[in-house]
Every structure is written in C-alpha cells, then in structure tokens.
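Below is a walk through one chain and its ligand, taken element by element. Keep the sequence and the 3D view side by side while reading.

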Amino acid sequence: MFQLRDVTCQFGRKLAVNNVSLTIPEGQMVGVIGRSGAGKSTLLRMLNRLAKSTSGSIRYGDIDVTALRGAGLRAWQRDCAMIFQQFNLVPRLDVLTNVLLGRLNERSTVMNVLGLFSREERIEAIAALERLGIEQVALQPAGTLSGGQQQRVAIARALMQRPKVLLADEPIASLDPLNAKIVMDALRDINEREGITVIVNLHTLDTARTYCQRIVGMAEGRVVFDGAAEHLDGQAVATIYGTEQAIDETMTSTALPERQAALARPATPSASLQPLVLAGL
Ligand SMILES: Nc1ncnc2c1ncn2[C@@H]1O[C@H](COP(=O)(O)OP(=O)(O)OP(=O)(O)O)[C@@H](O)[C@H]1O
Ligand SMILES: [Mg+2]
C-alpha cells in the first residue's frame, strides 16, 4: 500500500506537486487526470524516485521511498516499473533484447556487460511477448515497430522486472484509438490477473472512466478529486479542468476531431462542459 503524506515537489518557485496526501491499496487501478502542467507526471515520477520530493513522506508498506539510496533504491525501481508515452525502447536492438533489459537490475555487472541472458530469462521474455500478442516480432529491431507494438514491448519489459507496481505516464497519448484500447486492455489484464497496482496518467477522461476503479483528479499540483468514476460528475470535471478558461483540445491529446471543435468553443462553463459529460469524456 502506498501512503503519501503532505508530499510536495518544488522546481524553483514552481510547486509542481503541492501537499498531496493519498493512500493507494495494493491491487488498485488508479487513473490520474488533470490539465497539462497539473503535476501528474511529477507525482508518478516521485513514486519510483525518478523525481525526488521536496517535503512530505512516501511509504510503500515498510519502505520509506523518499529515504532510499543505492541498492535499496535500485531494488525499489525494479519493484515499481514505469512505462512512458514515448516507449523509451532502444530502437536498434531487437524486441527480445529490449524486453530482457527489464531484468538488468537483478544481474551481475559482468553478465550485463557481456550481454548474457540465461535460457530461463529468454523463455520468460518470450512468454511476456506472447502475453502481449507480439511474439512474432521478437527478433525485429524495436524501432521498426508501430507505436502500439512498441508500447506493448515496453509493457513486456516492465513485466520482466516482476514489479509490484506498474506506473504508466500517458501510455496511450501517442497511439490511435485501436492501439490505445489494446494497451489499456493489457494494463487492466495485468492489474486483474496478477493483482499488480497500476497507476496511470491519462489525458482522456473517457479512458479513465472505462478502465480505472478510482480516479484522482489534479489541478495546479493539488488533488482536487479522489473517487470512483461514477462520482466524477460535471462539477468534479469543472473543478479538475477549471471553469475560467474555455476548455480546448489541450486537455485531451487523443480527442476525436469532431469533439475538438466543441471543446475549443468559448462558452459558459456549464455549456462548455455539457458535451464532455454527455460524451463520457
Ligand atoms: N524538471 C522540472 N523542472 C522545472 N519545472 C518542472 C520540471 N518538471 C515539471 N515541471 C513543472 O511542474 C509542473 C507540473 O509538471 P508535470 O510534468 O508534472 O505536469 P503534467 O500534469 O504531467 O502535464 P502534462 O499533462 O503536460 O504531461 C509544470 O508547470 C512543469 O513545467
Ligand atoms: Mg505529464
């Protein structure tokens, strides 16, 4: 279970995350939503210590995440896998090797330098690719795959870490709707079958509603909504995305073109939010 208490992350004078307290039990699938700059990525990055909190405490069970160093920090980053919008694969290496890289943290430096992977590790990597339905591209350079395939490779690599938690920072923002669905289905499957906690930053409200038991809404570094998808009503959406400015396409990077016109149109807050709510956005 994650326990965040009064967590803040400050860059210069900017409070990217401002006094956030959250408890996330094991096995939840949590969607984090909010406008661009709300602090979603910073929050996720603090959980696996890609970013360091300025103050507050982050605990996972007995582990004081904010205090980890050296081997303890590496072990935590293995337990807390992360996938990114831009996949972060090594494009010239084949898919299988990319997946095997998920195991690097556990291996000796010599084995890593020699690039040696055991037969068991290879079998596990192929099983991970099979699970994601992309074993047929195992020997292709990762850079030759479509975006959807690359994201599935990134998930397979994360699975090779045998993580307790899977963090996903806008995993579908670069994908077309079909590939977005495949990737979100895969994350849900991992959450349901292995009981791995999944925390996913999303630009699209409808995706968060469809896949996440719990939605955390952020605005200006603070958590302004935390609840079940069915409680995310027009009022809550207005609180998260703001009522002052016209809502435009920057709030959702995967909005369909016909929706974008409606989103960009200046209107009274309730009128501009209505289509979003009706569309389940
Ligand atoms: N390394 C950094 N140095 C300085 N400012 C930063 C840094 N990282 C984030 N910020 C700032 O902190 C705020 C929150 O950024 P963050 O990337 O967490 O937002 P976000 O909700 O993920 O946005 P987006 O939806 O665009 O990805 C922004 O104002 C951003 O410019
Ligand atoms: Mg972000």
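Two strands are said to pair if DSSP finds at least two bridges between them. The model shown here is a predicted one. In it, strand β1 (residues 2-11) and strand β2 (residues 14-24) run antiparallel and are joined by seven bridges. β1 and β2 make a hairpin, and two residues lie between them. Gly12 sits in that turn, with a positive phi of about 60°.

On to the other partner of the hairpin. β1 also runs antiparallel to strand β4 (residues 55-60), and five bridges join the two. Here Leu4 is found opposite Ile58 in β4. These pairings belong to an open sheet of four strands, ordered β2-β1-β4-β5 and paired in the antiparallel sense. β2 and β5 (63-64) are the edge strands, each pairing on one side only.

A parallel pairing occurs elsewhere in the chain. Strand β6 (residues 80-84) pairs with strand β7 (residues 165-169) in the parallel sense, over five bridges. Phe84 stands opposite Asp169 in β7. How much of β6 is covered? Four of its five residues are buried, so the strand counts as mostly covered.

Next comes the ligand. Which residues surround ligand 1? The shell consists of Phe11, Lys14, Ala16, Gly34, Ser36, Gly37, Ala38, Gly39, Lys40, Ser41 and Thr42. Two elements, β2 and α1 (40-47), each give two or more residues to this shell. The largest share is that of α1, with three residues.

Helix α5 (residues 119-131) can be read in more detail. It has 13 residues and reaches 18 Å from its first C-alpha to its last, close to the 18 Å expected at 1.5 Å a residue. Within α5, the residues Glu124, Ala125, Ala128 and Leu129 are buried. Why do these buried residues line one face of the helix? Seen down the axis of α5, they fall within an arc of 140°, and therefore they line one face. The face turned away from the buried side of α5 carries Arg119, Glu120 and Ile123, which are exposed. The cover over the buried residues of α5 includes α3 (95-100) and α6 (147-160). Just after α5 comes Gly133, with a positive phi of about 75°.

Further along, Asp206 lies in helix α8 (residues 205-211). Is Asp206 buried, exposed or partly exposed? A residue needs 20 or more other C-beta atoms within 10 Å of its own to be buried, and 12 or fewer to be exposed. Asp206 has 17 C-beta neighbours inside 10 Å, so Asp206 counts as partly exposed. Asp206 and Ala229 are 23 residues apart along the chain, and their C-alpha atoms are separated by 9.6 Å.

Last, the chain as a whole. It contains 11 helices and 10 strands. Of its 281 residues, 40% are buried. Among contacts between residues at least 6 apart in sequence, 67% join residues at least 24 apart.

How values were computed:
Residues numbered from 1 in each chain as written. Chains lettered and ligands numbered in written order. Predicted model: local features only at pLDDT ≥ 70, side-chain atom pairs only at ≥ 80, totals over all residues. Near = placed C-beta within 6 Å. Expected span 1.5 Å × (residues − 1). Arc of directions from axis to C-beta. Contact = placed C-beta atoms within 7 Å.
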